[in-house]
Protein chains: 4
Amino acid sequence: MSGCNTVSAIVNPAGSMNVLSAHEVSKLHDTTHTGLYSLFRQCALAVLSCDTELDDAQELMNLYHDFDIKIMQEHRGLQLELINAPACAFVNGELIRGVRENLFSVVRDILHVFSEIEAHDLLQLTDPQDITNLIFEILRHANAFIPKTPPNIVVCWGGHSIGREEYKYTKDVGYQLGLRGMDICTGCGPGAMKGPMKGGHIGHAKQRIHNGRFIGLTEPGIIAAESPNPIVNELLIMPDIEKRLESFVRLGHGIVVFPGGPGTCEEIMYLIGILLHPANRELPFPFILTGPACAKEYFEQINAFIGDTLGAEAQKLYEIIVDDPVTVANRMQQGLHKVKQYRKDHSDAFYFNWKLHIEHSFQEPFEPTHENMAALALEPDLPKAELAANLRRAMSGIVAGNIKEDGVEAIRKHGKFKLKGEPKLMKRVDKLLASFVEQQRMKLPGSHYEPCYEIEH
Amino acid sequence: MSGCNTVSAIVNPAGSMNVLSAHEVSKLHDTTHTGLYSLFRQCALAVLSCDTELDDAQELMNLYHDFDIKIMQEHRGLQLELINAPACAFVNGELIRGVRENLFSVVRDILHVFSEIEAHDLLQLTDPQDITNLIFEILRHANAFIPKTPPNIVVCWGGHSIGREEYKYTKDVGYQLGLRGMDICTGCGPGAMKGPMKGGHIGHAKQRIHNGRFIGLTEPGIIAAESPNPIVNELLIMPDIEKRLESFVRLGHGIVVFPGGPGTCEEIMYLIGILLHPANRELPFPFILTGPACAKEYFEQINAFIGDTLGAEAQKLYEIIVDDPVTVANRMQQGLHKVKQYRKDHSDAFYFNWKLHIEHSFQEPFEPTHENMAALALEPDLPKAELAANLRRAMSGIVAGNIKEDGVEAIRKHGKFKLKGEPKLMKRVDKLLASFVEQQRMKLPGSHYEPCYEIEH
Amino acid sequence: MSGCNTVSAIVNPAGSMNVLSAHEVSKLHDTTHTGLYSLFRQCALAVLSCDTELDDAQELMNLYHDFDIKIMQEHRGLQLELINAPACAFVNGELIRGVRENLFSVVRDILHVFSEIEAHDLLQLTDPQDITNLIFEILRHANAFIPKTPPNIVVCWGGHSIGREEYKYTKDVGYQLGLRGMDICTGCGPGAMKGPMKGGHIGHAKQRIHNGRFIGLTEPGIIAAESPNPIVNELLIMPDIEKRLESFVRLGHGIVVFPGGPGTCEEIMYLIGILLHPANRELPFPFILTGPACAKEYFEQINAFIGDTLGAEAQKLYEIIVDDPVTVANRMQQGLHKVKQYRKDHSDAFYFNWKLHIEHSFQEPFEPTHENMAALALEPDLPKAELAANLRRAMSGIVAGNIKEDGVEAIRKHGKFKLKGEPKLMKRVDKLLASFVEQQRMKLPGSHYEPCYEIEH
Amino acid sequence: MSGCNTVSAIVNPAGSMNVLSAHEVSKLHDTTHTGLYSLFRQCALAVLSCDTELDDAQELMNLYHDFDIKIMQEHRGLQLELINAPACAFVNGELIRGVRENLFSVVRDILHVFSEIEAHDLLQLTDPQDITNLIFEILRHANAFIPKTPPNIVVCWGGHSIGREEYKYTKDVGYQLGLRGMDICTGCGPGAMKGPMKGGHIGHAKQRIHNGRFIGLTEPGIIAAESPNPIVNELLIMPDIEKRLESFVRLGHGIVVFPGGPGTCEEIMYLIGILLHPANRELPFPFILTGPACAKEYFEQINAFIGDTLGAEAQKLYEIIVDDPVTVANRMQQGLHKVKQYRKDHSDAFYFNWKLHIEHSFQEPFEPTHENMAALALEPDLPKAELAANLRRAMSGIVAGNIKEDGVEAIRKHGKFKLKGEPKLMKRVDKLLASFVEQQRMKLPGSHYEPCYEIEH
């Protein structure tokens with residue numbers, strides 16, 4: 001199998017990796033191959049599979065079942081030993097430097113986020129302020145804050161599985177953003193998560209910006225399905241999807257949404273649900289939905305869905321721009337100026353959106369079990385923000401059932417998720433999901449998609 | 001006309017621009033609009049037309065006939081005032097920084113090369129050593145030498161007018177070169193001069209190489225027809241084609257040739273003619289002809305032409321690799337190692353190929369007048385190097401007649417160039433040129449090509 | 001009073017200061033002015049009193065009794081408000097940048113070391129490995145590790161109160177060390193802690209070393225008495241003297257001891273006690289006692305004291321070099337080469353001396369109360385390392401009684417410390433201390449010294 | 001003789017040294033040991049004698065009569081072979097980096113200034129504008145212009161032979177200038193040329209200024225007598241004293257004059273003579289005479305001399321500040337703000353004082369032969385600027401007779417210079433010179449001073 005070419009090598013740290021104590025090294029050594037080790041190995045493999053076209057973690061793990069990784073303490077610092085690693089990460093036996101940096105970001109985050117923090121039961125936090133503090137600390141530990149920089153991080157959301165024309169469009173938008181000096185943050189997989197970075201990079205090159213940031217914000221559950229591209233020069237691994245979403249909206253200064261499937265829909269619901277809160281009414285938050293001409297209908301559909309479910313107020317939170325990368329970039333730039341002014345006026349940090357109010361219902365980890373999915377209240381008369389929270393959870397569960405390891409396994413064992421609720425609303429949801437299936441937005445094209453859910457009308 | 005959007009602006013220096021004396025500023029001011037000023041204006045316009053799809057200098061000058069540029073001395077240094085400059089060089093009214101840097105390279109080279117040096121009649125030099133010294137000084141003045149760097153400049157030659165598949169291939173080769181840390185130098189126009197830079201840039205990004213060099217080596221006669229892309233981060237303007245060619249082979253450490261037309265053929269003849277000299281026999285000089293699968297026939301044709309005209313010895317100087325970017329990059333890397341070892345063994349500089357012997361016949365400026373073209377000795381019984389020199393001149397004349405301002409003007413006035421010589425040889429030449437016409441390698445596709453030459457069999 | 005010129009100002013962070021969370025800021029705000037705040041204020045004042053000639057913390061606090069400091073969260077990050085700060089830290093109303101950096105090191109360490117770590121009762125650790133891990137973490141958090149640098153940190157110990165000739169000598173030695181590229185680490189007060197930095201800085205300048213490290217390692221108990229000079233470009237505040245001493249020997253690669261009083265003697269006892277342990281026998285540890293010609297007798301005295309109390313084996317651990325800065329620097333350089341080789345051979349980190357074995361008796365915080373001082377076992381038949389540990393404690397107590405705030409207060413309340421033990425040994429100790437008094441090594445010259453101890457023979 | 005310890009070594013370039021062409025190397029090779037070579041050898045020796053206490057070029061040349069230097073072209077660039085070079089420039093066999101950089105500045109300037117420029121007879125220029133352009137070009141070639149930097153170069157003039165208290169004062173002033181971010185430019189010898197640099201360096205260190213400029217402006221005639229200290233990090237060698245003086249006032253933004261002898265007096269006369277010109281009346285030019293308390297009388301004497309010879313208008317051009325480094329630095333800082341504002345208002349460059357008008361009488365090289373000295377018109381009824389020019393020449397001749405190689409030789413051959421003029425004026429001059437002799441400002445203390453001049457009353 002061609003993807004199975006492998007290389008074994010010893011690699012030295014690159015990037016911001018800190019030195020480790022003897023104690024920390026021993027935690028990662030972990031000969032019993034349980035706990036952190038397996039998480040570490042999986043994330044490392046994802047980073048090394050930088051050219052993979054798969055979006056199936058299990059398949060990837062099978063393909064490189066004999067891959068192994070060991071931490072070695074060495075006189076000049078730390079080293080990693082890679083055994084049977086994917087050959088695509090190497091050039092003439094040497095690990096591509098971008099991959100190397102991302103690999104050591106994995107060491108950093110797995111150690112810090114999952115070892116230090118889990119040790120203190122910090123993930124059981126319930127006070128919203130404590131959760132936000134935890135996110136702040138994880139991002140700070142990863143050096144994600146650059147104090148004096150004015151707001152310029154544009155988060156790009158959108159599908160990992162998009163068509164050629166849509167992909168090209170994400171590059172064009174990224175290029176225009178990059179030409180204007182903006183940095184890009186995405187979920188770090190393929191498709192709409194990769195295109196803006198490629199385009200942004202060329203934009204930066206023309207402007208001679210050498211320290212442009214291409215931030216990939218991921219989580220262990222998804223990283224293997226959406227491998228970070230080596231253009232990502234800051235890889236951040238958050239503990240779960242809820243903390244990842246909160247990181248997007250606190251670290252990023254504006255959001256561009258490209259066409260996508262249920263994951264993208266989850267992100268839109270998340271942001272709308274938060275921005276609907278009265279405490280956030282005055283907060284400027286640039287939020288643009290955009291795609292090429294061929295995506296016009298797609299956005300009409302999304303817009304209608306939002307109007308029907310969350311109302312006209314929700315529709316006012318974003319702007320839809322079709323087929324016009326220059327305008328997208330200019331509007332985003334104007335939006336960022338407003339963000340800057342607002343933060344100055346309210347003495348808020350540029351690098352972290354402390355003022356954004358997030359209700360606990362958007363922070364609380366949602367475990368997409370069959371029970372939890374079935375229990376979701378999907379009723380039109382709920383407060384809009386609460387309905388958005390539940391729609392977010394429903395979409396999150398479908399993403400898990402589609403491509404996250406645990407979710408796929410649960411579907412295999414127990415059959416499809418069942419979603420129920422008020423019939424008219426459920427019909428609306430069904431129609432939207434069916435359109436994602438039809439447009440091949442659920443999984444990478446070529447693979448057959450078998451829905452992981454059933455809508456009970 | 002959409003290309004005619006213009007912007008007026010005042011721009012500050014960027015890049016390695018030195019400060020100017022009052023005396024130098026006055027030289028560029030030149031109110032009578034003769035001499036340096038018109039050269040300066042034309043090169044500046046070429047740099048500013050960074051997105052143009054034209055390869056016709058005259059057309060460009062007409063399009064922006066009201067473009068003007070002025071030098072202003074200012075308290076913090078030097079400034080340029082641009083009047084009615086092409087809008088594509090600006091983002092929201094601000095000049096793209098890469099364009100800005102290249103613009104000031106124009107100031108630097110026009111001043112230095114054409115003012116200082118012409119002042120001393122240095123262009124009338126006849127001693128080969130003096131010409132080489134002059135080239136050395138121009139390149140040094142432009143900070144093109146980076147002393148301790150091992151050989152890693154790969155010159156990419158090839159057509160400005162190539163097909164989509166060939167273009168993609170030049171990107172792939174550039175990517176593989178970039179991944180291996182090699183820098184790219186081209187003639188800085190579109191097509192095969194742009195592709196390797198785009199690819200190389202992504203390769204560098206993945207390797208976190210922030211100081212990669214993308215050298216554009218041009219000349220006033222061609223710059224308006226082959227505008228430098230803003231990825232070019234070192235723009236060098238040599239006085240004429242002969243000094244430009246010598247710069248390629250003394251500054252570059254290896255050559256990759258992609259498919260192209262008469263310009264590319266000129267370059268191949270130039271390099272073969274030089275390498276055939278006995279003094280260069282031991283000198284390692286990586287020289288690779290490559291293209292995608294669809295270019296296989298093209299290279300067979302070129303190879304046959306070389307065999308028929310310059311013999312088997314000439315064919316041994318290069319290697320042809322079809323459809324294999326990884327092998328091209330690996331072979332080049334191996335070649336550069338040999339160059340490095342040779343320079344070390346012979347205490348030659350890494351940054352300038354002093355040891356390469358170049359006969360005066362390859363240095364002497366060839367003016368492609370109708371007389372000179374007609375007088376070219378194209379006889380198979382000439383010494384091979386001399387024949388190569390004359391074939392080089394013939395091709396050079398055709399390039400001029402196709403796209404250089406003076407040449408196009410001469411053709412308009414006096415009709416086609418007439419080339420004559422030994423009938424069998426002339427048939428060979430005719431066939432090659434006809435194939436260039438047929439493959440649309442003479443001018444950008446879409447434009448009708450009217451040959452500027454006639455072969456007298 | 002001239003020292004009382006004050007300035008009030010708002011200052012922005014400099015140096016490696018990380019951004020703070022809302023939670024952390026609130027900890028430092030602390031309106032009740034208890035806990036961290038008073039520690040923070042005292043350390044900040046010490047850093048701001050960069051030109052003070054005092055060695056009396058209480059006097060300093062009195063002098064600037066209306067000094068106040070507040071942390072402000074601000075849109076671009078963190079700010080400090082200084083009220084009635086010593087004018088000597090400012091130039092035309094602006095804080096000297098070196099002072100500014102050190103001030104933010106105080107924020108960093110007070111927060112991290114005293115807040116985070118005390119919160120987890122980490123200072124109650126008893127396992128030697130845990131204590132070492134804690135020290136490692138504090139130093140790492142302060143970015144004190146620079147992974148790939150070969151061993152070149154020379155710790156300079158010696159008195160804060162030394163004569164002009166001795167002071168000049170410490171500069172000369174620092175100059176020779178600096179010329180050889182070595183970095184300097186001291187306790188960061190005046191005298192022998194300042195001289196080597198001044199000299200080293202000039203040495204670095206001549207070698208164009210711009211990133212030379214001048215590390216000041218201090219503790220809250222001593223910082224106000226020994227204010228960091230602004231040449232110190234890495235200020236580290238350790239929780240107590242024992243952790244500070246361990247930091248010296250794990251972070252530093254070699255030790256130079258200049259003449260000094262009981263503090264210096266404490267340091268010598270500490271290092272000898274550790275190096276006497278069989279586990280450290282093979283470990284190379286450059287250890288040089290040196291001073292100008294006039295200090296010859298002083299070192300003979302110290303050497304005799306060590307011989308008499310700890311034996312000939314202890315005397316073999318160090319080398320005494322009189323009046324020869326070049327030889328000191330060359331011997332140190334040779335010693336560092338051995339350290340480098342040893343660390344390589346044993347795969348130990350360059351930046352932290354993991355292999356050095358330290359017994360718990362040298363780690364355990366010694367509280368110099370009257371009871372503890374009186375209870376010290378000072379008997380010649382103890383194991384040598386244990387005797388060294390107790391002599392270290394005795395000297396530590398005398399330093400506290402001389403210049404540390406708590407110690408001075410205890411003496412004021414309860415009278416002199418009483419030291420007792422085997423009569424001959426006690427006579428030896430008495431004689432040594434008397435010589436310190438006579439040579440004005442107890443307190444800065446000019447002030448009258450009233451012994452804080454009594455030896456019971 | 002202890003100064004005669006020598007080292008032979010091969011050294012690689014450091015600093016801004018450009019690569020050389022084969023042609024340039026051959027010029028410096030020069031086997032006949034005439035021309036450039038001897039100039040080059042002498043300047044190189046001066047740079048290498050960085051710790052010398054001599055101020056006698058001939059003595060230095062004798063001491064190292066077997067010193068030799070050779071240029072070698074090498075694959076990675078240029079190398080110098082040093083044979084029997086002064087040991088003080090080396091640490092453990094390796095050249096101190098600061099010395100190395102200055103050595104390659106010698107290569108650069110000897111080549112450029114004396115080879116390129118003399119080749120074109122540029123030193124025979126008579127048009128003031130051409131001379132200024134030449135100075136501009138030499139400084140630009142040496143990278144002495146940093147375009148966007150606001151005016152902050154303070155030139156410090158003063159004696160090479162000054163007392164301990166005066167020396168310490170120059171350090172204190174340098175320290176205060178450095179604390180305020182100002183850069184220092186001096187004639188690069190000992191005494192008042194070294195002190196401000198040492199002090200400035202500590203000031204920069206405290207402000208964490210790593211790119212501070214310590215510019216040494218010298219000339220071949222004086223360099224061997226006033227060796228550049230290795231703190232000098234930009235060494236500039238001008239062709240003669242007149243171009244050196246013009247460089248001081250065009251490159252520097254303000255002048256501080258410390259006590260000194262005839263050289264300092266020459267500098268004062270030069271600056272006064274220029275500033276007296278009506279064209280310079282509006283030009284802000286900070287000009288401060290300062291010294292410690294013990295120098296009060298000295299400046300009264302100088303001030304009286306200026307009043308008596310050049311009048312009250314001349315006295316208004318400078319300010320005398322006694323024993324107050326902080327005020328000197330603050331006044332200079334205020335002055336530089338005015339310079340900045342003036343240059344902005346008049347669109348003049350920050351890095352070169354184009355607007356300063358300099359009469360040809362101050363540019364014209366004055367050769368201090370016996371004839372020329374005797375012919376100087378020293379008459380009180382001359383226009384003041386002309387008288388200042390002649391007094392400048394007289395002082396210049398005395399400096400030459402004291403310490404410049406040619407001058408010393410001329411005195412040895414032909415006896416003392418004879419100065420004559422209006423009796424009262426000559427008495428004034430005699431008295432001033434006698435006071436220099438008495439205060440040991442003519443030569444380094446310790447050496448006997450035999451006047452090289454006679455005043456004819």
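User: How many residues does the contact take from chain C, and how many from chain D?

Analyst: The model is predicted: local features need pLDDT of at least 70, side-chain atom pairs count only at pLDDT 80 or more, and totals for chains, interfaces and linings use all residues. Residues are numbered from 1 along each chain as its sequence is written, while chains are lettered from A and ligands numbered from 1 in the order in which they are written. Two residues are in contact if their C-beta atoms, placed from the backbone, lie within 7 Å. By that test, chain C gives 15 residues and chain D gives 15 residues.

User: Which helices of chain C each supply at least two residues of the side that touches chain D?

Analyst: Helices are DSSP runs of H or I with at least four residues, numbered from the N terminus. By class, that side of chain C has six nonpolar, four polar and five charged residues. Here Ala, Val, Leu, Ile, Met, Phe, Trp, Tyr, Cys and Pro count as nonpolar, Asp, Glu, Lys and Arg as charged, and the others, Gly among them, as polar. The helices are H4 (97-119) and H7 (195-206) of chain C.

User: Which element gives the most to the side of domain 1 of chain A that touches domain 2 of chain A?

Analyst: An automatic or database assignment sets the bounds, giving domain 1 (2-120) and domain 2 (121-457) of chain A. Their contact takes 30 residues from domain 1 and 30 residues from domain 2. Helices H2 (36-48), H3 (57-63) and H4 (97-119) of chain A each give two or more residues to the domain 1 side. The most, 12 residues, comes from H4(A).

User: How far does helix H2 of chain B reach from its first C-alpha to its last?

Analyst: H2(B) covers residues 36-48, 13 residues in total. The expected span is 1.5 Å times one less than the number of residues. That gives 18 Å expected, and the reach is close to it, at 18 Å.
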